[in-house]
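Good morning, colleagues. Please look at the following entry.

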Amino acid sequence: MVPWIGALLGALLGLLLSLRAGAADAKARSCGEVREAYKAKGFSLLNIPYQEIAGEHLRICPQEYTCCTSEMEDKLSQQSKLEFENLVEETSHFVRTTFVSRHKKFDEFFRELLENAERSLNDMFVRTYGMLYMQNSEVFQDLFIELKRYYTGGNVNLEEMLNDFWARLLERMFQLINPHYHFSEDYLECVSKYTDQLKPFGDVPRKLKVQVTRAFIAARTFVQGLTVGREVANRVSKVSPTPGCIRALMKMLYCPYCRGLPTVKPCNNYCLNVMKGCLANQADLDTEWNLFVDAMLLVADRLEGPFNIESVMDPIDVKISEAIMNMQENSVHVTAKVFQGCGQPKPAPALRSSRSVPDTFNTRFRPYNPEERPTTAAGTSLDRLRTIWRTMQHGVIDIKEKLKLSKKFWSTLPYSICKEERVTAGLSNEEDCWNGHTKAKYLPEIMNDGLTNQINNPEVDVDITRPDTYIRQQIMALRVMTNKLKNAYNGNDVNFQDTSEETSGSGSGSGCTDDICPTEFEFITTDAPLVDSDRREVDSSSASQPSWSALTWFVICLVLLLQKQCR
């Protein structure tokens, strides 16, 4: 009987130990931590198990004992998609704000600069040339209208537009310096054809054309580049993960919950493979993005160089005034050549000498004082605009640094996301991290960047035969913009080839050359040699009749011209 009793007691003891071990095991399979973590995500704990259950119902996570129901897996899958989209948007915040904020600042400056240059010219010419300018101001207004239209993206050929401006200015001035003749529209059109040949305005048009075209092409293209960079960054940052990507995200981020390990984070290399698979198309943007950034840096150099728009537009009023003075000085030669080429114009009808002329219509003007240049619309002086420009120069330096930092952004995006402490366990915890199945080291190798390199990605099912068409559109947009930027760097617009010789410019244009400043401006009227039908010069004695003075002729005919303009 004793052996039998001993065996029975041994069996009872074994059963007791087994029950105690089972109780301990049951405690280890509690879903308490998972419930707390799940609640912290904002989800309801209704129908959430307290202990692990069989996992045959799971579609993404390992079908072992689990703390997840089918409903939990679906909700956590959507949560992983949302968190991934937010991660990409947050990580790309730097590159997006770089383009958004700088675009706004540069655009505001360029627009203010144009407005100020127009006001400066108008104020200077009203003070300097008085009614002569006011009656012909639309020539200058049209110049600025076209410059603004070009800057804002209008289809304007800068070279042709500037040629038209000088031709129109020549027509107006030719009438002023020859008031004793009547010029038909056809005759004035003939006059304008002599603009290039006679160079009545000296070398100012050629130099200004080179400066304006290069400056405006660089300014407009740079702002357009900032716009394109902003739009591409915004669009590409709004990812739409594929079903295969969503499965991989769920497995990486929340399958630890289902396994009862809510505090265990993914392995770093595991995260990299998931992100490289999910962001494969974004990585393909990298090559064109880097070329685009390089081209932006080149044009930024132009904004700092001698053809920057501020150094061209600030003294444009003085440069045009210099051209007008050249025309006055060359008026005799220009008139003779035009009469020789276009024929003898008809004399203007005689005026009654009793017709009065207001004193304000005097042909002599006081010299222009640079200190009297106007203020901006906000009541601030040009000093403020120059202060803004100095700030913008610092802005150019700043954006160049930020552009350099944005290179290779899209290919390094997976690394930027996976280095976040809230996402992965980090490089120092390669053994104590979630590898997609359990808490252990992640063994597969890291994939290379780009779509084609994801063919063997162990974590994300990627169809390498179907590139994302939306991303390809952004790649094309970058490619087109890069070509524009390269053209702008070389001084060429997309639809404009600058054949002008590059010159060093004519200085700031705000001072007097060779320390010689004129004491007054004067419109010079000339009695050009009369030419008969055979275009032979006739006797000057007969050409001088009647005997009125040149000044009298000018005053009388000026009144006629102004009356004609007023109509």
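Arg 35 lies over the face of Tyr 50, 3.9 Å from the ring centre; a charge counts as over a ring if NZ of Lys or CZ of Arg is within 6 Å of the ring centre and within 35 degrees of the ring normal. Arg 220 sits over the face of Tyr 150, at 3.7 Å from the ring centre.

A word on the basis: this is a predicted model, in which local features need pLDDT of at least 70, side-chain atom pairs count only at pLDDT 80 or more, and totals for chains, interfaces and linings use all residues. Residues are numbered from 1 along each chain as its sequence is written, and side-chain values use heavy atoms, with hydrogens and water left out.

Now to ring pairs. Rings of Phe, Tyr and Trp (its six-membered ring) pair if their centres lie within 6.5 Å; planes under 30 degrees apart are stacked, over 60 edge-to-face, the rest tilted. How many aromatic pairs does this rule give? The count is 24. One of them, Phe 99 with Phe 292, is stacked, at 6.1 Å centre to centre and 25° between the planes. Phe 99 is buried at 1% relative accessibility, and Phe 292 is buried at 0%, where buried means under 20% relative accessible area (1.4 Å probe, protein chains only).

Phe 140 and Phe 165 pair edge-to-face, with 5.7 Å between centres and 70° between planes. Phe 140 is buried at 5%, as is Phe 165 at 4%. Ring pairs join both into a cluster with Phe 125, Tyr 129, Tyr 133, Trp 166 and Phe 201.

Notes: Buried means under 20% relative accessible area, exposed over 50%, partly exposed in between (1.4 Å probe, protein chains only).
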